[in-house]
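User: I have a model open and want to go through its fold. Can you take my questions as they come?

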Amino acid sequence: PVPFFALFPFAHSVEAFPEVDDSLCVGQLIDSDERVILFLKMASSHSFSPELCGRVKTTIRSQLSARHIPSVIVEIKDIPYTVSGKKVEVAVKKIISGMNSNIEEGALRNPKSLQLYHDLPELQISQ
């Protein structure tokens with residue numbers, strides 16, 4: 001199972017990288033198990049790379065723990081926020097786990113961002 005962790009220290013560790021503009025970490029349900037997925041929105045003029053993913057994993061291991069290291073790190077173009085400025089973890093978790101997010105688009109500052117999380121090849125589970 002995905003370890004329980006506070007989002008602030010996790011986001012603080014990841015968003016300290018100048019290449020990262022924003023991030024979102026959620027669990028993806030797979031049958032009766034769950035894996036940690038980290039989404040990174042890159043800062044302008046920076047590129048997503050395996051080298052960056054390695055540095056992020058090393059930082060998470062040293063600042064938090066090995067249990068917090070994401071199974072998959074995915075570049076994403078936008079992170080969804082509510083109109084009050086909170087990240088929308090639950091809806092993203094439901095979408096990447098194949099469920100209906102049941103969120104009102106009017107509750108989101110950037111409603112089109114949720115469309116980015118549907119059918120991501122990086123999150124497909126091979127049977």
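User: Which residue in β2 does G27 stand opposite?
Analyst: G27 stands opposite V36. Keep in mind that this is a predicted model.

User: How many bridges join β1 to β2, and which way do the two run?
Analyst: There are 10 bridges between them, and the strands run antiparallel. Strand β2 covers residues 33-42.

User: What order do the strands of the sheet have?
Analyst: The order is β1-β2-β3, in an open sheet of 3 strands with mixed pairing. At the edges are β1 (20-30) and β3 (72-75), each of which pairs on one side only.

User: How are neighbouring strands turned against each other?
Analyst: By 25° on average, with direction ignored.

User: What packs on the sheet?
Analyst: Helix α2, residues 50-63, touches β1, β2 and β3. Its direction makes about 120° with that of β2. Helix α3, residues 89-96, also packs on the sheet, touching β1 and β2. The direction of α3 makes about 50° with that of β1.

User: Zooming out, in what order do the elements run?
Analyst: From the N terminus on, α-β-β-α-β-α. That is 3 helices and 3 strands in the protein chain.

User: And contacts, how far apart in sequence are they?
Analyst: Taking contacts between residues at least 6 apart in sequence, 64% join residues at least 24 apart.

User: Now burial and surface. What share of residues counts as buried?
Analyst: 44% of the 127 residues in the protein chain. The accessible surface of the chain comes to about 7,300 Å², and 52% of that belongs to carbon and sulfur atoms.

Methods
Residues numbered from 1 in each chain as written. Predicted model: local features only at pLDDT ≥ 70, side-chain atom pairs only at ≥ 80, totals over all residues. Heavy atoms only, no water. Pairing = 2+ DSSP bridges. Helix = DSSP H or I, 4+ residues; strand = E, 2+ residues; numbered from the N terminus. Axes fitted to C-alpha atoms, helices over the stretch in contact; angles between N-to-C directions. Contact = heavy atoms within 4.5 Å. Buried < 20%, exposed > 50% of the residue type's maximum accessible area, 1.4 Å probe, protein only. Areas by Shrake-Rupley, 256 points an atom, 1.4 Å probe, with all protein chains shown as cover.
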